[in-house]
Amino acid sequence: MRLVIENLTKTYKNGVKAIDNLNLEIGTGMFGLLGPNGAGKSSLMRTIATLQSPDGGSITFDGINVLKNPMEFRKTLGYLPQSFGVYPKMSAEDLLDYFATLKGISSKADRQKIIKEVLEITNLYEVRKKYVAGYSGGMKQRFGIAQLLLNNPKLIIVDEPTAGLDPAERRRFLNVLREVGTNSTVIFSTHIVEDVKELCNEMAILNGGRILKHTTPLESTKEIEGQIWTKSIDRDDLEKHEAEYNVLSSNYNEDNSLNIRVFSETQPSEDFIATKPQLDDVYFIALKQDEPVTA
Amino acid sequence: MFSTIFTHELKYWFKKPAFYIYAAILFIISIFFSAASAGIFDSITVSVGGNKIVNSPMGIYGMFNGMSQLIFFLLPSIIGVTIFRDYKSEMHSILYSYPFTKASYLFAKFLSGLIIVTLLVFVIGLAVMIGFRLPGTNSEIVGAFNFGSYLHSYLVYIIPNLILFGAIVFAVVTFTRNIAAGFITVIALMFIQGLTQGLLSEEENRFLAGLIDPYGNASLQYYTRYWTLAEQNDLSLPFKGLIIYNRLLWLGVAGVVFGLVYKYFSFSQSAISLSFFKKEKGERVTKKNFGGITRVQLPKVNYNFSFVENLKAAWKLAKVDFKYIVKALPFIAIVLVGLILALITLSEVGNILGTKTLPVTWKTLQSATGAFVLPINLITFLYAGMLVHRGKMAKANHLVDVTPTPNWVLWLSKLIALLKVQLILLAVVMLSGVIYQTYKGFYNFEITHYMYELFVLQFLHFAIWALMALFIQTLVGNAYLGLFILLVLNIGLPLLTLAGVEQSIFKYNQGPSFRYSDMNGYGSSLRSYLIYKTYWLLGGLILLVFTSLFWVRGIPHSFKERLSIFKERFNVKTGGVIAVLLIGFLGIGGNLYYENNIKNKRTSRKEREEQRVQWEKDYKKYEGKAQPRIVAVNVDVNIFPKKLDFNASGTYKMINKTNEAIDSLFLDHNSYPSTFEFNKPVTLVHEDTIQNFDIYQLEKSLQPGDSLELNFTVKNKENTFFRKNSPVRYNGTFINNFQLFPRFGYQDGSELTDNKTRKKYGLPKNDLKPHPSDSTALGNTYISKDADWIDFEATVSTSEDQIAIAPGYLQKEWIKDGRRYFHYKMDSKILNFYAFNSAKYQVKKDKWNDVNLEIYYQKGHEYNLDRMMKGIKASLDYNSKNFSPYQHKQVRIIEFPKTGGSFAQSFPNTIPYSESVGFIAEVNKEDTGVDYPFAITVHELAHQWFAHQVIGADVLGATMMSESMSEYVSLKVLEHAEGKSEMRKFLKKALDGYLTQRTFERKREKPLMYNDGQGYIHYQKGSLVFYALSDYIGEEKLNNALKEYVEKVKFQNAPYTTSIEMVDKIREVTPDSLQYVIKDMFETITLYRNRITKVDSKKLDNGKYQVDIEFDVSKYRNDDKGKRFYGEKVGDTISYKTEKMKKPILSVPLADYIDIGIFGETEVDGKKKEKELYLKKHKITQIHNKISIIVDEKPIEVGVDPYNKLIDTQSDDNRRKL
């Protein structure tokens, strides 16, 4: 059950190359696709989800040629777009019934059975008779998961699902996703590093339509063990440090001083303290390395 | 802030392709219509011609305003969208927190939308201007460019209407946040407008109608309703009185509507919502998932994508879409409004002369369906878009599109939902019909008839549109643009005929419609309807395949991308389906084409026009050439109702009645397969197989007094599956001799009459018929050119279950080989004018003196037989007493299907009478209507005298002696039967009918005694004139004069009588003081303009009342184009002017006797009734008059010509209440 993407390319009418000769192989488990806004995450996900056709390349999943045989692929696909709407004046139950029909569950008893289950899983059972259009953001995202589960998908694609959720909702959402991901492939795009750290056993960093790094959260931090250094500086010294060192990130402390993290194989200078690498560092290193060198 | 929002909105529209597409479509169709009206297609279709200037102020108003109606359908998507956009894009959540005022926001939104639609109207105006003047238009019917007229229409009507309707739509969309609601509002407004105008069309309601017509059209009509051709061509549109009130009223309403929007609009996030359906079924809920973490263990369910399951899925999905439509407020609103309006429409069913028709099923179906056709189509077009784009609009498309449901299931579900909605609306039609019938106590519900017509026949028609709608809406990404395109197709396709595209096989979903009658059911119209619908259904299914291929799945694609997806999807299977459908489509289409073009010659309208020219050019030279005249006819006609065939044979006995030898015979026959054989040796020297005009040379000339016989046979071409080639019906055949049998000599009936068109073809101007003073033109009756009075004998056969009828008396009836034969023979001379009827008849019999009276009717149509019988007797009484004896021993009224027409026609002792003009009338004494089954019967019977005894020569004015006289008799008999007061209903209708219909005249209107045969002159004006005349000189005196006339001319031979001879007889008995009446009524077109200007009354000491009346009397003459003249000769015009008046009143010199009436009130059986206190003719010699009259009782109302006996162009100011 592997998703294999080869040489995938997609250029939009306005000239933006959203996917640039992309190759990626994803196995079972939670796969985090990390990238800044506009990196091409959604384009990639929509392309995998058969919503748009690429200019070139191929996608196969579990032996199915996704581009040639989308219908077969859709049977195993669960997709939660970045933002979606629902038909007004329809309850969760009715809408799920609608989607269940679309997903090929022909027996009414079957539909009732599975709808009940997905509502339980997503904790929407009590509000199943309420109009989905009136749901809060978190409930709506959970509804998204509920509809996605209806066809017991082998491949689940969720596009930035945690954006805008409050911490409790986010937690609940990630828990559900985690459960779902135990016996299928889940591709999970986000620009929040934290999400990936908590959830994913595999990850890729995407920018400018290319995969910058394909790794696992554990391995990637292990890779840079001993190469991340930190130092507290004055705000005014930031530019100087940035010029001198490979500054990955900088955070304000309470006293208006800055804490910077620097990537270096050796201790950059004595006032830097070695620190434990975080996934953020991996992310920023990858992005930095991709930046075009300016003279 | 205003200008920022305003300019932003404008920029948005100017960037939007939809704006340019709308503009382009409007531009093209406006050019098309204006150019078509100006004759640009004259070279490919019939010439427009006529004397009407197409770009007169009136013409511009009509064209400009008419085209602008289309704009109303754009209001929701332009003015509505300005504000809706902010909701849809959820911009409102940001925008509404910005610091601008409600006023600037709302005004900017509304005004920007208004500007956009105004620009679109401007495009229409431009296109109309250009269209009229496009090279190729007929410059003779296009007048000088008149910018003011465009401006007038634009400023007085179009812009205020856009403001009004725009404000309403804006309000609806703002509060419902639903564009569909905006559309439904437009549909409902049009619905209501049409209805109120229909209901208020009666004369006394016209002021009110003018005031409350939101379009302002009825207020304009109030002043221009009776404009003659010349006035329509020359006058500028008025802007006064009622028009100003109307415009102010509706601008005020627009202001109020907008004010309400302003008042109740708030920058809030949610729409005002109305919830109609609340269903809360109780169910016990137990919550299980308490913690955050559950194990995901989905139950095992079956996923099935088999074809059958997919079909079921489509059905199920359709339910969701269906609910989405029918549970929404807009839809419920349209159903309710439609239901109410259909009921009101039904209440006016079949109003003839103020009398309604019984709500028989076909009639209720006709009215209720009629009211619903446009709404059903619009709802189909609108919701096709809403459904196709539903996912996108709700942003749920990505969820839907990634499911493994094939495309066809998706579009099929939309189609099913759409069709279900249509069925619901058709059920509403049925419901309204049944409710109405129940309400009227008419319990003969023909439920199967309802079901069959609505859910099979009509449904087919609408379903084929649904297929087109789905296709267009799939192709076009914008539901409102799609709606507009569909609307243009729906309205425009039938009109392609104007551009010479005449055959229905080239115009989507066009074709012959089915026609129902109680007698003949759907008859043969059903087959051709179903053939064409099958054809278009196949066409629609081809579109459906394309819909499938173009179906959008996923992110909206560029058109190029869609084409490549289209190519990808196009595989052997779809190719195969298209091929099969195409074979069926082309197969039927090809067959229809073959039948109508190759196997049978099809003459286009253009060709028909050219043939008429050719006919005249080729054969006019034989007009007036001596021909033998038919003196006896003996025919055998065999009607085969089941096979819809006929064959006939016959013999004409002819005599050379001229005093010259005849050597050539000009045989004018029809295109049915025929044989002709003369009993003297002849040679066929000329045969014209197109115009069917043959010339035979007699070997030996026919000397004066010699006789000749023609034996002929005629039958129809074999009927095929695709085409019926005979006039026979399953039940209710009605054929006259001119349809079947040959004639002799040149017939001028098909000559082109319009002089402009004639000139184009190099034909001289024509004067239609010769003047009655032309003594050389009196050789023929206006019925027939090859016979005077004939002996008649006929044997008619039909199927065993039917009765066949022809003029004459039944000699023998027998059955042979399963066919029923009837032998009829006439014992006296008749005109060469007879008909054959055959149907399964019931017969009602009665007697008047020795005369047998029979009514042959359809079972179930017994309602008015007694009235008709009464009419027969009354007419026999009146005519035989006043004019001459009845010439036959029998009267037969014979019902025929309404599909054959809505008229009755008098043949010798037989009167075919349509089922729709009396048999199902609902005569009610309480009503204000005329008992028309009675009146029409009297009229038709009178024709046995006035046509079948007295027949005019074939010159101008001939119909005065037949139609006007029959109308006069009918009025008089009605008056004697029902009293004078009943006459007002009839006279008012006749006056309004005359004044209205003369405005449609395109050639000329002659005075009554020189009329060209127009119905509005010989019926309406004729009845008014003779009735007034009998009032002026007395019924007895008039009838005595007429009796003398009848005695003198009845059954005469050539030279035949003329209107001059009749008018002279009347003149003889008319006193000198009233000779002017003859001139005004018969010899000229004279119209009065009488009115009361002031009236006072006071009680005198002796208990009587003195009434002081001031009134104006004036009259003018019209020439044959409708131009006004106020004198006999230059300088004799009289005038009257007070200081207050802007223009003087002008008049032809007066020495006229005019009724002055004073009316009081009396109680009869508890009801107040008008009582005549005073009625006398006063001699009037000046325009302004003052008189004092003393009456015994309290006066209530005063009138000048209070009974509207005179032809008065404004009849509602003749009376005034005190």
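**Before you select**

This is a predicted model: local features need pLDDT of at least 70, side-chain atom pairs count only at pLDDT 80 or more, and totals for chains, interfaces and linings use all residues. Residues are numbered from 1 along each chain as its sequence is written, while chains are lettered from A and ligands numbered from 1 in the order in which they are written.

**Stop 1: chain A**

Select chain A. Its C-alpha atoms fill a box of roughly 70 × 45 × 35 Å, taken along the principal axes. Chain A holds ten helices and 14 strands. Helices (H or I, at least four residues) and strands (E, at least two) are DSSP runs, numbered from the N terminus. Of the 295 residues in chain A, 47% are buried. Buried means 20 or more other C-beta atoms within 10 Å of a residue's own; exposed means 12 or fewer, and partly exposed lies in between, with C-beta atoms placed from the backbone.

**Stop 2: A:I211**

Pick A:I211, in strand β10 (residues 210-215) of chain A. Is A:I211 buried or exposed? It is buried, with 20 other C-beta atoms within 10 Å. Leaving aside neighbours within four places in sequence, A:I211 is in contact with A:L22, A:L24, A:A204 and A:L206. Contact means that the C-beta atoms of two residues, placed from the backbone, lie within 7 Å.

**Stop 3: where A meets B**

Show both chains. Here 44 residues of chain A are in contact with 38 residues of chain B. Which element gives the most to the side of chain A that touches chain B? It is α4(A), with six residues; select 108-121 of chain A to see this helix. By class, this side of chain A has 19 nonpolar, twelve polar and 13 charged residues. Ala, Val, Leu, Ile, Met, Phe, Trp, Tyr, Cys and Pro count as nonpolar, Asp, Glu, Lys and Arg as charged, and the others, Gly among them, as polar.

**Stop 4: B:L151**

Move to helix α7 (residues 147-176) of chain B and pick B:L151. B:L151 counts as exposed, with 12 C-beta neighbours inside 10 Å.

**Stop 5: strand β4 of chain B**

Select 662-668 of chain B, strand β4(B). Six bridges join β4(B) to strand β7 (residues 693-702) of chain B, and the two run antiparallel. Two strands pair if DSSP finds at least two bridges between them. B:D668 stands opposite B:F693 in β7(B). β4(B) also pairs with strand β10 (residues 743-744) of chain B, antiparallel over two bridges. There, B:L667 stands opposite B:F744.

**Stop 6: a four-stranded sheet**

Next comes an open sheet of chain B in the order β17-β18-β19-β20, with mixed pairing. β17 (842-848) and β20 (910-914) of chain B stand at the edges with a single partner strand each, so one side of each has no neighbour in the sheet. The twist averages 20° from one strand to the next. β17(B) and β18 (residues 851-857) pair antiparallel over seven bridges, and B:K847 stands opposite B:N852 in β18(B).

**Stop 7: two helices**

Finish with helices α32 (residues 1015-1033) and α35 (residues 1075-1083) of chain B. They pack at an angle of about 170°, with their axes 11 Å apart. α32(B) and α35(B) are therefore roughly antiparallel to each other. Axes are lines fitted to C-alpha atoms, for helices over the stretch in contact, and angles run from 0 to 180 degrees between N-to-C directions. Angles under 35 degrees count as roughly parallel, over 145 as roughly antiparallel, 65 to 115 as roughly perpendicular and the rest as oblique. To show the contact, select B:V1025, B:A1028, B:L1029 and B:Y1032 of α32(B) with B:V1077, B:M1081 and B:F1082 of α35(B). These divide into seven nonpolar, no polar and no charged residues.
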